[in-house]
Amino acid sequence: MSPFSILILIVSYFSILILISYLTGKEDNNDVFFRANKQSPWYIVAFGMIGASLSGVTFISVPGWIEGSQFSYFQVVLGYMFGYFVVAFVLLPIYYKHNVTSIYEYLMTRFGVVSHRTGAFFFFISRVIGAAFRLFLVAIVLQQFVFDAWNVPFEITVIISILLIWVYTNKGGIKTIIWTDTLQTLFMLLAVGLSIYFINDSLGWSFSEFLASEELKNYDKVFVTDSFLERSHFVKSFLGGMFITICMTGLDQDMMQKNLTCKSLKDAQKNMVSFSVVLVIATFLFMLLGALLYIYANKNNVEVPLMDGKPRTDLLFPEIALNSGLGITLAVTFMLGLIAAAYSSADSALTSLTTSFCVDFLNIDKRPQDQQKKLRKRIHIAMSVLLVLVIIIFKYVLTSNVIDSLLTVAGYTYGPLLGLFAFGIFTKFEIKDKYVWIVALISAVIISIVGAIPPEKLGGYTLGYELLPINGLITFLGLLLIKKRK
């Protein structure tokens, strides 16, 4: 597929998103931007959240991860599913009871201003990093397969990507995103299904023959139970996945903002439960696709692409889809899926960052009415610029597999959120609010030091996803130290 053809596809795709933006953003007010007037159908939100949760990270990085980890990531995914039920029946009732726009307003009600700002700050750092990871993925693919042919610098590629997101989220905000996510999820699921079909067809297999093949058995190990010292041991992976979901969905303004646009708590819970089941199935399909990519690469002598002289498994899927002669249909399918996967999470991240900064730090609802809309638009632009800068930095510092890096970072930044919310929900203690930021910061520093300990100094034990609940526990214990005496 030629770079010009890919560019035409991107322009066509975004033309559709801008049309949706025009139809959903006619009111252009803060209640629509932040809450979609709380009128979103739950089944539309559920379907759209699949794409937002999978994102470009899953679309490219999970298939590329299969050779090194086989299907062991599915242990984490099973933990995800359990975590979604905790979100649905523990956290959502609290958010609906307090009628929040930003979920960190709960911390204001429970503890005070400093706790509110501390929670919002850790979300802000977490979401900037997470959104930048996801957009970095699509940017390097566009760079390698489109813009390098025209000698366009990587920085310009990033600016174009963010600019396109800003254009279609500027007015409708979360209301626009709920509907664009639906379209993006559809494209992404079609992409993985059709990719599996076309690659199997090129190998002379049906889907059932692929599942029964000896080649698949080289990649299909799911459960790791040999030694608890291993990073991917089932118990550690399952619990880690559960806490990742609780934090990166339930304590994340980005994901919860969509749920809070549903008409009622019951609708939001139906959304969360149904979406979690479909998400598990979709992720398993991505892992099957990853195994199929490596089987195809081995049979056809396709090398893992290099970037800056280093092998990048994240680029194996685009390399096979675009450059292996499997036909224009697969190439178009891949590009649509990639764009949909990347932007379905990035657009909501930009909106949630704008929402959180306006509500949690600037108290926008207390500003004069005639200033609120202008302020929101300025912050929306500022968040766009911030994402551009962080993505460009990632190009020069990021070396490990993207999804692994994302989950590791989550252990450092979402841990204090976990500790704060757990303390608020499961205890009745009041705390000395002014010291909360110190507790959260110390917890993040401690866990970053612990995470850097080499396995040989821990008797061979490899730290992994359990860093997240440990981080939350450290924060919880720290809050006990600053509780008020009766």
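Rings of Phe, Tyr and Trp (its six-membered ring) were taken to pair if their centres lie within 6.5 Å. The model is predicted. A search of the whole structure finds 32 aromatic pairs.

One of these is formed by Phe 121 and Phe 122. Phe 121 is partly exposed, at 41% relative accessibility. Phe 122 is buried, at 9%.

A further pair joins Phe 228 and Tyr 461. This pair is tilted, with 45° between the planes and 5.9 Å from centre to centre. Phe 228 lies in the loop between helix H9 (207–212) and helix H10 (234–250). Tyr 461 lies in the loop between helix H18 (436–451) and helix H19 (467–481). The pair therefore ties together parts that are 233 residues apart in sequence. Phe 228 has a relative accessible area of 42% and so is partly exposed. Tyr 461, with 18%, is buried, because the buried class covers values under 20%.

Phe 228 also has a charged neighbour. The charged end of Lys 236 sits over the Phe 228 ring, 5.6 Å from its centre. A charge is also placed over Phe 429. Here Lys 483 lies over the face of the ring, at 4.2 Å from the ring centre.

Tyr 95, Tyr 104, Tyr 106, Phe 123 and Phe 421 form one aromatic cluster.

Notes. Residues are numbered from 1 along each chain as its sequence is written. This is a predicted model: local features need pLDDT of at least 70, side-chain atom pairs count only at pLDDT 80 or more; totals for chains, interfaces and linings use all residues. Side-chain values use heavy atoms; hydrogens and water are left out. Rings of Phe, Tyr and Trp (its six-membered ring) pair if their centres lie within 6.5 Å; planes under 30 degrees apart count as stacked, over 60 as edge-to-face and the rest as tilted. Buried means under 20% relative accessible area, exposed over 50%, partly exposed in between (1.4 Å probe, protein chains only). Helices (H or I, at least four residues) and strands (E, at least two) are DSSP runs, numbered from the N terminus. A charge sits over a ring if NZ of Lys or CZ of Arg is within 6 Å of the ring centre and within 35 degrees of the ring normal.
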